[in-house]
Amino acid sequence: MRRQGGVQFARLILRDAIRFALPPRCPSCGEIVEADHRLCPTCWSQTEFLGQPACARCSLPFDHDRGPAAECAACIAEPPLHDGLHAAVAYGAVARELMLKLKYGRRMAHAETAARMMARVVPSGFDLIVPVPLHRSRIWSRGFNQAVLIAEGLSQRSGVDVARDALIRVRRTPTLRGMGASKRAKVLAGAFTLNPRASQRVTRRAILLVDDVYTSGATTDACIRVLKRAGAARVAVAAFARVLPDREGD
């Protein structure tokens, strides 16, 4: 018992020494914070966290409560392909910096930060988590798929399995920035396919499709079409950040 107590004490000393030398920092601006995966007060105050009241279909924020079944004008005019859209924050300066550091700065721990925030808004009831895939050339250059890392963080919190390679991106597409909805859909047509080995895992399943940023929905729509053709019962989308109407995203 005395030896175990000594080991535990040594571990606490080592942990405190590491935290002193490498204190937790805000994942967006880098300021020292109380604990890992927390935003500093400034970044927190500049972040728009999403939640209720919102559209019953796409979770677009409402400025007042319209009732649990109320839908936004866009969903009424053209019902979306997805079976629910869940995002933790509105896309803005803080979310953009956090995702840029994850994707291009190799701050892979930021995927855990995103997953923790997303867990607040993602409902239960899913059978499988599927990340939006990257083309193999981008994985080779980046070394990882940020959507997979975020999906794994959500899996750890929910206990729902991740099918990392259920979808395959068979064609590399250019950036969609500046394109209209029809152009985006055309560019992404045929860009994704189902991995034959995932066929049985997808059929009749409720799937949570995970991405880092939801902009127009063109990418996730292309994935949803593949999953539903494969027999998925329903496909909802989860993203760390969502570009709200009239706001530009990546």
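Predicted model: local features only at pLDDT ≥ 70, side-chain atom pairs only at ≥ 80, totals over all residues.
Local features were taken at pLDDT of at least 70 and side-chain atom pairs only at pLDDT 80 or more, whereas totals for chains, interfaces and linings use all residues. Side-chain values rest on heavy atoms, without hydrogens and water, and residues are numbered from 1 along each chain as its sequence is written.

We can begin with the cysteines. With a disulfide taken as a pair of cysteine sulfur atoms within 2.5 Å, the count is zero. The cysteine sulfur closest to that of Cys-40 belongs to Cys-29, and at 3.5 Å it is too far for a bond. Cys-40 is buried (under 20% relative accessible area; exposed is over 50%, partly exposed in between; 1.4 Å probe, protein chains only), at 5% relative accessibility. Cys-223 is also buried, at 0%.

Turning to charged pairs, the model holds eight salt bridges, each a side-chain nitrogen of Lys or Arg within 4 Å of a carboxyl oxygen of Asp or Glu. One of them joins Arg-38 to Glu-34 at 3.4 Å, N to O; Arg-38 is partly exposed at 46%, while Glu-34 is exposed at 66%.

Another pairs Glu-112 with Arg-116 at 3.0 Å. Both residues sit in helix α5 (109-119), four residues apart, about one turn of the helix; helices are DSSP runs of H or I with at least four residues, strands runs of E with at least two, numbered from the N terminus. A network of salt bridges links Glu-112, Arg-116 and Arg-157.

Asp-165 and Arg-197 form a further salt bridge at 3.2 Å. Asp-165 lies in the loop between α7 and β3 and Arg-197 in the loop between β4 and α9, so this pair ties together parts 32 residues apart in sequence.
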